[in-house]
2 protein chains.
Amino acid sequence: MARAPLTRDEVLATAADLVKQHGPEALTMRKLAAELGTAVTSIYWHVGNRESLLDALVERTVADLGAIRARGAGPAERIVSVARALRRQLRAHPHLVAMVHERGLTERMFLPAQRALVHEVHAAGLRGARAAEAVRAVQFQVVGFVLIERNRERAPVQRPGEEELWDAATAEDDAALARALAGPVDPDRLFTLSVRALVKSLLEPGT
Amino acid sequence: MARAPLTRDEVLATAADLVKQHGPEALTMRKLAAELGTAVTSIYWHVGNRESLLDALVERTVADLGAIRARGAGPAERIVSVARALRRQLRAHPHLVAMVHERGLTERMFLPAQRALVHEVHAAGLRGARAAEAVRAVQFQVVGFVLIERNRERAPVQRPGEEELWDAATAEDDAALARALAGPVDPDRLFTLSVRALVKSLLEPGT
DNA sequence: GGCGTCGGTGTAACTGTGTTACAGGCGCCT
DNA sequence: AGGCGCCTGTAACACAGTTACACCGACGCC
């Protein structure tokens with residue numbers, strides 16, 4: 001049973017597999033060792049720690065995210081397209097979001113897109129501090145949205161729940177509003193709507 | 001050493017203390033038992049589980065959050081004030097945010113404020129589905145922002161880091177922008193700016 | 001050839017976690 | 001007194017991350 005000697009990349013690859021399939025909490029050192037057909041200590045030799053392993057995993061996956069290109073006509077639409085592209089990328093790696101969040105590297109997720117955003121904000125005529133604020137506002141909105149979204153998917157049923165909380169009475173006699181708030185959220189729609197609204201204001205000249 | 005019999009409330013209270021002081025991961029059943037001067041099984045008897053314990057803790061703390069009142073003149077400013085009040089409340093209980101997030105109850109954090117928001121959106125003239133969308137857009141923005149913010153505070157130094165990433169060259173010769181993006185974020189300012197921008201667009205008549 | 005060093009692996013243990021089976025104790029009601 | 005329900009404690013189980021230590025094999029050096 002001579003195995004080819006274990007490499008750090010091999011460890012990272014099967015660790016990534018485990019995480020992709022069953023989530024980060026399913027990645028235990030022993031399971032990983034079993035999967036690799038080796039002993040726990042070998043893993044500790046190659047990657048020092050569970051922490052370091054997850055760090056390396058995050059680094060790896062973030063690096064794998066492709067570059068983001070803006071599409072569309074006006075500056076506003078192009079910025080929105082960047083936001084949507086980022087969201088799509090993050091949603092393609094659901095566990096990544098959790099891991100990045102747990103490690104306190106949330107901003108890190110956005111760095112690949114920041115450059116594209118700066119370009120578009122410039123094209124829209126914003127400069128200096130105002131441009132930076134616009135970029136960061138969009139950045140925070142997108143990443144925050146993705147965090148919440150991932151969260152919602154994990155918690156299918158809320159306990160008091162919006163459903164029974166919003167009847168016509170509590171909604172100040174606006175039955176349509178009550179119905180809308182009691183119903184499920186349409187994340188795609190809400191995301192586009194929010195980003196578009198935010199960007200519209202940010203690009204307006206004025207305050 | 002006759003102790004007064006343990007009560008569920010007592011357990012929850014000292015559990016809340018532990019979490020407040022050292023974060024949720026420091027709350028182990030044995031530490032809690034030691035703190036209470038009792039045995040682990042007693043805790044299990046009163047609150048069934050660690051899960052249930054944390055659930056109860058979240059419930060308790062969320063219930064303790066005061067009601068949110070809108071302030072200010074125009075509808076837009078009043079909505080912004082609700083958002084800021086919610087953010088302030090959540091930031092006053094830093095660990096709560098983490099716990100709520102981990103338990104997938106992120107929306108739950110917003111329920112107390114939702115009612116206030118509905119009122120203000122109504123006052124601004126929005127009805128039905130449009131009103132609901134506005135409420136939810138603000139809701140997602142605020143909660144998302146708080147999540148990111150808490151995250152930033154936990155991770156003082158990012159590894160590639162925005163600092164060395166943004167020099168004048170990469171910022172398309174906008175030195176002021178490079179400086180702004182390389183510098184630290186001012187969360188208060190960014191938050192108010194973002195919410196104000198979002199709300200402004202949401203309240204505009206039209207699409 | 002013998003020997004030591006270094007890279008890499010394996011066995012078996014340590015500590016600490018959540019959780020539970022089980023044996024009671026204490027007080028109240030009948 | 002007896003019984004029962006609330007409550008507590010002892011001791012264990014399974015599983016987690018981590019590590020001390022022995023070992024193996026190749027390589028270089030004397």
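Q: Where is the place of A:A124 in chain A?
A: A:A124 sits in the loop between α7 (111-123) and α8 (128-154) of chain A. Helices here are DSSP runs of H or I with at least four residues, strands are E runs of at least two, and both are numbered from the N terminus. The model is predicted, so local features need pLDDT of at least 70 and side-chain atom pairs count only at pLDDT 80 or more, while totals for chains, interfaces and linings use all residues. Residues are numbered from 1 along each chain as its sequence is written, chains are lettered from A and ligands numbered from 1 in the order in which they are written, and side-chain values use heavy atoms, with hydrogens and water left out.

Q: Does A:A124 count as buried, partly exposed or exposed, and what is its relative accessibility?
A: A:A124 counts as partly exposed because its relative accessibility is 25%. Buried means under 20% relative accessible area, exposed means over 50%, and partly exposed lies in between (1.4 Å probe, protein chains only).

Q: How far apart are A:A124 and A:I79, in sequence and in space?
A: They are 45 residues apart in sequence, and their C-alpha atoms are 9.6 Å apart in space.

Q: Changing topic, what rotation superposes chain A on chain B?
A: A rotation of 180° with 0.1 Å of shift along its axis does so, with an RMSD of 0.2 Å. The two copies are therefore related as by a two-fold rotation axis. In chain A, the C-alpha nearest the axis belongs to A:G144, 1.8 Å from it. The superposition is by least squares on the C-alpha atoms of residues with pLDDT of at least 70 in both copies.

Q: What does B:K200 form a salt bridge with?
A: B:K200 pairs with A:E204, the closest N and O atoms being 2.5 Å apart. This pair joins two chains, because B:K200 lies in helix α11 (residues 187-203) of chain B and A:E204 in the segment after α11 (187-203) of chain A. B:K200 counts as partly exposed at 42% relative accessibility, and A:E204 counts as partly exposed at 23%.

Q: And which residue forms a salt bridge with B:E149?
A: B:E149 bridges to B:R87, with the closest N and O atoms 2.6 Å apart. B:E149 lies in helix α8 (residues 128-154) of chain B and B:R87 in helix α5 (residues 75-92) of chain B, so the pair ties together parts that are 62 residues apart in sequence. B:R87 counts as buried because its relative accessibility is 9%, and B:E149 is buried as well.

Q: Which side chain does B:D188 meet in a salt bridge?
A: The side chain of B:D188 meets that of B:R87, at 2.7 Å from N to O. B:D188 is in helix α11 of chain B and B:R87 in helix α5 of chain B, so this pair ties together parts that are 101 residues apart in sequence. At 46% relative accessibility, B:D188 counts as partly exposed.

Q: Which residues do salt bridges that share partners join into one network?
A: A:R87, A:R91, A:E149, A:E153 and A:D188 are joined into one network.

Notes
Salt bridge = Lys/Arg side-chain N within 4 Å of Asp/Glu carboxyl O.
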